[in-house]
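Subject: Structure handover

Hello,

Here is the structure I said I would pass on. My notes on it follow.

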Amino acid sequence: MARKQQKTIITCAATGAIHTPTMSDALPYTYDDIATQAVEAAEAGASILHLHARDPKTGAPSVNPDDFAPFLKRIKQSTDAVVNISTGGSLTLSIQDRIKPAATFSAEMCSMNMGSMNFSFHPLAKRYDKWKFDWERDYVANSDGNIFRNTFRDIEEAAKTLAPHEIKFEHECYDVGHLYNLKFCMDIGLFKAPIFIQFVMGILGGIGADIDNLVFMKTTADKLFGDQYRWSILAAGLAQIPMATTASQMGGHVRVGLEDSLFISRGKLAENNAQQVAKIRRIVEDLGCEVATPDEARDILDLKGGDRVAF
Ligand code: KMH
Ligand code: ZN
């Protein structure tokens, strides 16, 4: 497969919250720790920071803009990395609540989940016996009964509410069908090219993380979107770095971070987000690609610019 000569954008999803509550001491949940880890990830080479917020007392996923403001300010003061605010929030919240932070802060980017699914991580409940907060065990164990709701109506409402902010979406596609959902949404004018697709692999409820599936996602996206799209990969758990390595060699961008994997290698927890960023950066550069700066990422993805956000 021919590799396009382009710079590789590293996104770091630093906070977690949806499927990695606080199962590693490295996961940040206070304002200070989120800001510090995000800035260190940017210094290590991440040009995009995908961020959730947490209630700093309970560590629970939060979509309250007041829980974003303190770390967004600090991040903006310390780095010019692109801030990408999650609209995934928590599996149990409505889309109206989930898009509030992105709208409040008029971010350069935000996530957009492209289909409804049983996003499940319930097997983890049996693997952990020590939980930091009371809510975590039940939240994880009950995920087998949750629908992560992202209907066409939800997507349309989010796209139309956020349109005045000219936010570029990170279209999270957890399976091939989500690419077709995205194509439908493009055809009815909800999203402008170039679109940015995140192939999300290895989440229970979505497509598995292997190379055949990655090639299938990519050839399907080529067929549907031609040169109107850019793409990146996020593989959950231990597949994170191996799949990111493969994707970078196929001309894709990469996403790492403790949100998607708590590990730095088999059996070894990552110490922080920057460690994962440094590792994928080293690999990408060793294999002959260059890592994009924040401004290069803005150029590749056609972003509105860091001076047009509201934080
Ligand atoms: N951690 C991803 C698998 C979102 O923030 O909108 C899910 C995610 C969703 O990133
Ligand atoms: Zn996220």
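A residue counts as near a molecule if one of its heavy atoms lies within 4 Å of it. On that basis 16 residues surround ligand 1, and the closest are His19, Ser86, Ser111, Glu259 and Asp260. Please keep in mind that this is a predicted model.

Ligand 1

An N or O atom in the side chain of Asn113 is 2.9 Å from an oxygen atom of ligand 1. For the side chain of Glu172, the distance from an N or O atom to an oxygen atom of ligand 1 is 3.0 Å. Arg255 has a polar side-chain atom 3.0 Å from an oxygen atom of ligand 1. How much of ligand 1 does the protein bury? Taken alone, ligand 1 exposes 300 Å², and the protein buries 100% of that. The largest cavity is the space that ligand 1 takes.

The zinc ion

Ligand 2 is a zinc ion, and its protein donors are His50 (NE2), His52 (NE2) and Glu259 (OE), which lie 2.0 to 2.1 Å from it. The spacing of these donor residues in sequence is H-x1-H-x206-E. His50 is in strand E2 (residues 48-51), while Glu259 is in the loop between strand E10 (253-256) and strand E11 (263-265), so the pair ties together parts that are 209 residues apart in sequence. His50 and Glu259 are both buried.

Backbone points to check

In general, most residues other than glycine have a negative phi, and most peptide bonds are trans.

- Ala193 and Pro194 are joined by a cis peptide bond, with omega about -5 degrees. Pro194 is in the loop between H8 and strand E8 (195-201).
- Ser106, which is not a glycine, has a positive phi, near 40 degrees. This residue is in the loop between helix H4 (100-105) and strand E6 (109-113). Ser106 counts as buried because its relative accessibility is 10%, and the cut-off for buried is under 20%.
- Asp302, also not a glycine, has a positive phi near 55 degrees. Its place is in the segment after helix H12 (294-301).

Other residues

Is Gln198 buried or exposed? With a relative accessibility of 0%, Gln198 counts as buried. Gln198 is part of strand E8, and a polar atom of its side chain lies 3.3 Å from the backbone nitrogen of Leu234.

Asp175 is in the loop between strand E7 (168-173) and helix H8 (176-187). Its relative accessibility is 29%, so Asp175 counts as partly exposed. Along the sequence Asp175 and Gly205 are 30 residues apart, and in space their C-alpha atoms are 8.9 Å apart.

Pro61 belongs to strand E4 (residues 61-62). Its relative accessible area is 19%, so Pro61 is buried. Pro61 and Ile95 are 34 residues apart along the chain, and 14 Å separates their C-alpha atoms.

Regards

Notes. Residues are numbered from 1 along each chain as its sequence is written. Chains are lettered from A and ligands numbered from 1 in the order in which they are written. This is a predicted model: local features need pLDDT of at least 70, side-chain atom pairs count only at pLDDT 80 or more; totals for chains, interfaces and linings use all residues. Side-chain values use heavy atoms; hydrogens and water are left out. Donors are N, O and S atoms within 2.8 Å of the metal (3.2 Å for Na, K and Ca); water is not among the atoms, so sites may look incomplete. Helices (H or I, at least four residues) and strands (E, at least two) are DSSP runs, numbered from the N terminus. Buried means under 20% relative accessible area, exposed over 50%, partly exposed in between (1.4 Å probe, protein chains only). A polar contact is a pair of N or O atoms within 3.5 Å; within protein, one must be able to donate a hydrogen and the other to accept it, and residues adjacent in sequence count only if both atoms are side-chain atoms. Accessible areas come from the Shrake-Rupley method with a 1.4 Å probe; for residues, only the protein chains shown count as cover. On a 1 Å grid over the protein atoms alone, a cavity is a set of points where a 1.4 Å probe fits but cannot get out, and a pocket is an open set with protein on both sides within 12 Å along at least five of seven lines; lining residues have an atom within 4 Å of a point. A molecule sits in a cavity or pocket if more than half of its atoms lie within 2 Å of its grid points.
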